[in-house]
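This briefing gathers computed features of the structure shown below, grouped by topic for a reader who wants to check each one against the coordinates.

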Amino acid sequence: MTDTRRRVKLYALNADRQWDDRGTGHVSSCYVDRLKGTSLLVRAESDGSLLLESKIQPDTAYQKQQDTLIVWSEGDNFDLALSFQEKAGCDEIWEKICQVQGKDPSVEITQDIVEESEDERFDEMSDSVQPVELPPCEMGRLEDISELVNSCLVSPARKDKLAAALESQHYIKKLLNLFHMCEDIENIEGLHHLYEIFKSIFLLNKNTLFDTMFADDTIFDVVGCLEYDPSLPQPKKHREYLRELAKFREAIPIKNQDLLAKIHQTYRVQYIQDIVLPTPTVFEDNLLSTLSSFIFFNKVEIVKLIEEDDRFLTDLFKLLMDDKTPNPKRRDLVLFLKEFCNFSQNLQPQDKDAFYKTLVSLGILPALEITLGIDDQKTKTASIDILTYIVEFSPSVVRDYTLQQANNTEEEHMLLNIVIEQMLRDRDPELGGAVQLMGVLRILLDPESMLASVNKSEKADFLNFFYKHSIQTLIAPLLQNTTGEKPLREDYHMVQLLGLVLELLSFCVEHHTYHIKTCILNKDLLRRILVLMRSTHTFLVLGALRFMRKITALKDEYYNRYIIKGNLFAPVIDAFLRNNGRYNLLDSAILELFEFIKLEDIKSLCSHVVENYGKILEDVEYVQTFKALKTRYDQHQDKLKERDRVSGSVGVAEAVVPSLLRSRYRREARAPDDEEEMWFNDEDELDDEPPLEPAQPHPLPHPHPHHALDAIGKIVEKKVCTSTESANGPSRVLLNTASPKPAHADVQVSEPRLLDKGLVDYDGDSDEEEEGAGSAGADERDAKRPRLA
């Protein structure tokens with residue numbers, strides 16, 4: 001099993017017709033009792049587990065490609081491939097397969113690839129008796145040749161026979177000689193026939209023919225034949241592009257000639273597949289699967305050959321990070337690295353992991369810090385692509401590197417801040433680079449990708465780093481543009497950029513609880529964002545509204561009290577009224593916000609909206625949202641009044657209960673926690689409030705019974721008076737009693753006085769209500785005391 005000749009990679013073709021790497025191991029062929037036949041076994045070299053156990057069926061079509069590949073299909077739409085490290089190992093297994101099927105090992109394919117109908121099998125029997133006879137390769141017979149090649153495409157057996165005839169008679173080179181003759185004498189009709197012939201040869205899907213057509217001395221002639229499409233008035237100029245316009249730049253001189261030839265061949269074949277040949281929708285599915293496989297395995301081989309070169313990558317990174325390297329040369333180096341990373345996408349996961357670890361160890365991330373800041377669009381775009389490849393495969397690698405910079409790098413030189421700066425400085429009108437970098441940041445900040453990390457503290461460490469060193473860079477343009485009542489800049493580039501920042505911040509609100517909350521409360525960020533509700537660009541208004549909706553969806557009372565205290569619904573109501581009932585996305589989004597508050601029964605926000613904006617919104621009748629919100633509020637107030645009435649009757653009895661028993665049932669006021677003390681103690685309001693009086697001890701019993709009855713009568717009379725006052729007016733008042741309630745006729749939402757409203761007392765806390773229902777004096781104190789919960 002340690003023989004390198006038998007070392008293989010196992011590939012499987014997925015639903016997107018791309019090869020997935022299933023692992024590396026060693027292949028053997030032996031008789032398996034369970035399968036009752038000789039089978040191919042592949043065991044993983046890492047742990048010896050069985051990667052493949054496939055019986056060699058007598059009717060399965062096995063195909064040998066490029067001397068080191070064996071491809072076959074198992075069942076419908078399940079293609080497998082073995083890529084051998086050495087040609088000798090491939091030959092051994094191929095001989096074993098041919099021995100089981102009774103085939104000559106010199107053939108490239110053992111059976112027909114697809115299952116045919118009975119009529120087709122009958123045709124194949126005839127074909128086997130009468131092989132395909134090709135007409136003489138003459139200019140006058142081009143039409144006959146085209147018709148013959150076309151007719152063979154209907155049957156897999158005839159395709160196989162035609163391919164064998166083309167190969168044995170060296171017919172492709174003869175056709176290319178005719179191409180030169182037709183071009184010299186400008187025989188357009190003949191050139192059109194040659195186009196049809198070579199297009200059909202591609203559809204034969206035979207790797208042996210590709211080897212002939214893609215050789216250095218023939219590939220340009222094949223491309224030339226495909227220039228003369230009969231459906232086009234003028235021939236294309238593909239050869240001119242490949243020879244003159246497409247310049248090959250060696251970022252580092254490549255001494256390995258096999259590698260150099262493979263790079264040239266892969267580029268040209270990729271060009272043929274993507275540009276020269278008609279679009280794939282013209283053909284049936286999978287007719288060019290062999291061409292795709294040819295390119296796939298070429299790319300894998302190129303990556304392996306470069307990795308095996310000890311000096312190539314070392315010299316490349318040394319030159320890339322040298323301050324003396326001119327920018328045009330550095331651009332070529334970055335473009336090469338981008339293409340190198342692109343080819344690496346074909347590697348299996350463990351090989352890809354080793355690939356990126358090699359790049360990181362060589363200094364790819366410090367190099368990107370340099371190239372991202374270069375004022376050259378091609379260099380910058382390629383650098384963004386490379387960073388995207390790395391982050392998409394292994395974000396932890398970038399996070400670890402970033403955390404290492406915490407103590408030894410200035411903030412403006414940290415990779416994360418460089419990425420944010422380049423996002424904010426993107427000069428592309430459509431912000432293509434900024435969108436891509438925003439995606440990179442989103443992956444790095446996604447806690448889901450941190451859960452499986454070996455480093456258990458990665459999530460906490462990286463988020464602490466980001467909110468300490470980078471968040472201020474991200475929100476800087478937002479804060480600069482929202483210093484007044486309206487956004488300072490409204491040009492398209494700026495609003496697009498602010499839209500990206502809002503999208504990223506909304507993601508943070510949804511996925512980062514404590515860190516982003518601290519940032520929002522510290523910097524009063526929601527108020528600044530809601531300034532954008534005054535923007536003339538509706539998509540930016542919607543972005544600001546979406547940010548507030550994300551906060552509301554959390555149903556966090558810290559956020560709710562922050563919104564109430566700052567009266568932050570005012571910009572939303574203002575935008576709603578300015579929209580003037582127009583049926584559009586903004587109207588629907590605002591209504592959905594209030595519908596959510598109603599359905600989730602967020603009592604504090606419901607009370608705030610109704611008490612501050614109820615008069616303004618009561619005329620909105622085309623939806624029932626605000627009426628339902630008012631009904632919900634009224635129901636809640638009725639419950640509170642009923643509770644007050646019941647607690648009042650209890651208070652009469654409590655007045656004569658010994659103080660020891662009464663204090664036994666009195667609940668202690670809940671002390672606010674540290675975070676509440678930090679963010680929600682408003683000294684301006686609380687300093688004027690009288691301190692909460694301690695419970696007074698009950699006086700000693702009167703010596704005469706009628707004195708006790710007189711005391712009870714006075715208490716009952718006082719309680720009745722208090723209840724009467726409660727029934728005639730609201731049970732709660734605003735802390736800022738000097739500010740009158742807004743009236744619909746003369747108050748605009750955008751006026752500053754609405755923004756000066758105080759914190760509304762929270763009526764929905766049943767525990768607090770029960771605590772304050774002991775006596776009339778307690779009721780009076782409740783009306784003044786701010787709620788903390």
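With a relative accessible area of 9%, asparagine 205 is buried, because that value falls under 20%. The model is a predicted one, and the protein chain has 789 residues, of which 46% are buried. Its secondary structure comes to 37 helices and 7 strands, and among contacts between residues at least 6 apart in sequence, 67% join residues at least 24 apart.

**Loops and positive phi**

- Asparagine 205 belongs to the loop between H6 and H7, and it has a positive phi of about 65° although it is not a glycine.
- Glutamate 186 also has a positive phi, near 55°, and is likewise a residue other than glycine; it is placed in the loop that runs between helix H5 (171-184) and helix H6 (188-203).
- As background to both values, most residues other than glycine have a negative phi.
- Is glutamate 186 buried or exposed? Its relative accessibility is 62%, and it therefore counts as exposed, the cut-off being over 50%, whereas asparagine 205 is buried at 9%.

- Threonine 218 is located in the loop between helix H7 (207-213) and helix H8 (219-225).
- The relative accessibility of threonine 218 is 4%, so this residue counts as buried.
- Which residues does threonine 218 contact, leaving aside its neighbours within four places in sequence? The contacts are with Lys173, Leu176, Thr212 and Met213.

**Lysine 262, a buried residue in a helix**

- Lysine 262 is part of helix H10, which covers residues 257-276, and its relative accessible area of 17% is under the 20% limit, so lysine 262 counts as buried.
- When residues up to four places away in sequence are not counted, lysine 262 touches Asn298, Glu301 and Ile302.
- For one of these residues, glutamate 301, the separation from lysine 262 is 39 residues in sequence and 8.4 Å in space, taken from C-alpha to C-alpha.

**Packing of H18 and H19**

- Helix H18 (residues 415-424) packs with helix H19 (residues 432-444) at an angle of about 145°, and their axes are 9 Å apart; the crossing of H18 and H19 is left-handed.
- On the side of H18 the contact is made by Leu416, Val419, Ile420, Gln422 and Met423, and on the side of H19 by Ala434, Leu437, Met438, Leu441 and Leu444.
- Sorted by class, the contact of H18 with H19 has 9 nonpolar residues, 1 polar residue and no charged residues.

**Aromatic rings and charges**

- The structure holds 20 aromatic pairs, and one aromatic cluster is formed by Phe312, Phe336, Phe340, Phe355, Tyr356 and Phe393.
- Arginine 549 has its charged end over the ring of phenylalanine 596, at 4.0 Å from the centre of that ring.

Technical notes: Residues are numbered from 1 along each chain as its sequence is written. This is a predicted model: local features need pLDDT of at least 70, side-chain atom pairs count only at pLDDT 80 or more; totals for chains, interfaces and linings use all residues. Side-chain values use heavy atoms; hydrogens and water are left out. Helices (H or I, at least four residues) and strands (E, at least two) are DSSP runs, numbered from the N terminus. Buried means under 20% relative accessible area, exposed over 50%, partly exposed in between (1.4 Å probe, protein chains only). Contact means heavy atoms within 4.5 Å. Rings of Phe, Tyr and Trp (its six-membered ring) pair if their centres lie within 6.5 Å; planes under 30 degrees apart count as stacked, over 60 as edge-to-face and the rest as tilted. A charge sits over a ring if NZ of Lys or CZ of Arg is within 6 Å of the ring centre and within 35 degrees of the ring normal. Axes are lines fitted to C-alpha atoms, for helices over the stretch in contact, and angles run from 0 to 180 degrees between N-to-C directions. A crossing is left-handed if the near helix is turned anticlockwise from the far one by less than a right angle, and right-handed if clockwise. Ala, Val, Leu, Ile, Met, Phe, Trp, Tyr, Cys and Pro count as nonpolar, Asp, Glu, Lys and Arg as charged, and the others, Gly among them, as polar.
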